[in-house]
Amino acid sequence: MIKNTRLGYGAVAILFHWTMALLIIGMLGLGLYMVRLPQSDPNAFALFQLHKSIGFVVLTLAVLRLAWRLVNPSPKLPADMPVWEKGVAHLGHTGLYAMMFLLPLSGWLVVSASPWGIPTIVFNLFEMPHLPVPGDKAQAEVFASAVHEYGAYFLILLIAGHVAAAFKHHFIARDETLKRMVSVRTSRAA
C-alpha cells in the first residue's frame, strides 16, 4: 500500500516520517555537539559543512513530504479521542512541519548573512548559493541565529511531546495510532 487510507498511513508517508525523524534527531544531536566545539577544532569545519548539507536534504524532504500530504491526506484521528487532544495533536503536527522548514531556512540565512562568506558545498558535490539578504546583514545574522538556536530547542520539545503522545496512544489508550505509522499491514487490517 503506497498511499494513505482512512485507516492508516501508506508506505510513502511512513518512509518520509522515519527518514526525516532520523535525519532531524541526528541534526539536533550534531548541532548541539558542534556548537560547543572551539572554532580551532580541526573537525569543526567539516561538521558544519555536514550539518548544512543534511539541512538541505531535510528542507528538500520537507517540501516533498508536504506536497505528498497535500495530495494524500492523513488518516483521521481515533474517533474516541477527546476534542482537546485532537486540537493539541494538530497544533503539534503544525509545529513540527513549521520547524522542518524554519530551521533549514534560518540556518541558510545565517550562512548567507555571515561576514565570513563561507560557501556551503553540499556533500562536497556542488555549491549552494547564498540567499539574498536585504538590509543589514549583521542584524539578519543575529536574528536568524537566534531563530535557528531557539527553534532547535523548541523542536526538541515538540519531538518529546510527539514521542510521549505516541507512547500514550500505544501503552495507555491501546489504539492503533502508533501502529499505523510503523506498518502498512496494520492499516489494512484495521
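**From a helix to one serine**

Modeller: In helix α1, the buried residues are Ala13, Ile14, Phe16, His17, Met20, Ile24, Met27, Leu28, Leu30, Gly31 and Met34. Keep in mind that this is a predicted model. Helix α1 covers residues 11-34, which makes 24 residues. From first C-alpha to last, α1 reaches 34 Å, close to the 34 Å expected at 1.5 Å a residue.

Now step back to the whole chain. It has five helices and two strands. Along the sequence they run α-α-α-β-β-α-α. The C-alpha trace spans about 55 × 35 × 30 Å along its principal axes. Of the 190 residues in the chain, 38% are buried.

Next, the single residue. Serine 112 sits in helix α3, which takes in residues 83-113. Is serine 112 buried or exposed? Its relative accessible area is 3%, so serine 112 counts as buried, the cut-off being under 20%.

What does the side chain of serine 112 reach? Another is the backbone nitrogen of leucine 131, at 2.7 Å. Now set aside the neighbours of serine 112 within four places in sequence. Serine 112 is then in contact with His130, Leu131, Val133 and Lys137.

Finally, look at contacts across the chain. Take those between residues at least 6 apart in sequence. Of these, 72% join residues at least 24 apart.

Terms used:
Residues numbered from 1 in each chain as written. Predicted model: local features only at pLDDT ≥ 70, side-chain atom pairs only at ≥ 80, totals over all residues. Heavy atoms only, no water. Helix = DSSP H or I, 4+ residues; strand = E, 2+ residues; numbered from the N terminus. Buried < 20%, exposed > 50% of the residue type's maximum accessible area, 1.4 Å probe, protein only. Contact = heavy atoms within 4.5 Å. Expected span 1.5 Å × (residues − 1). Polar contact = N/O pair within 3.5 Å; in protein donor to acceptor, adjacent residues only side chain to side chain.
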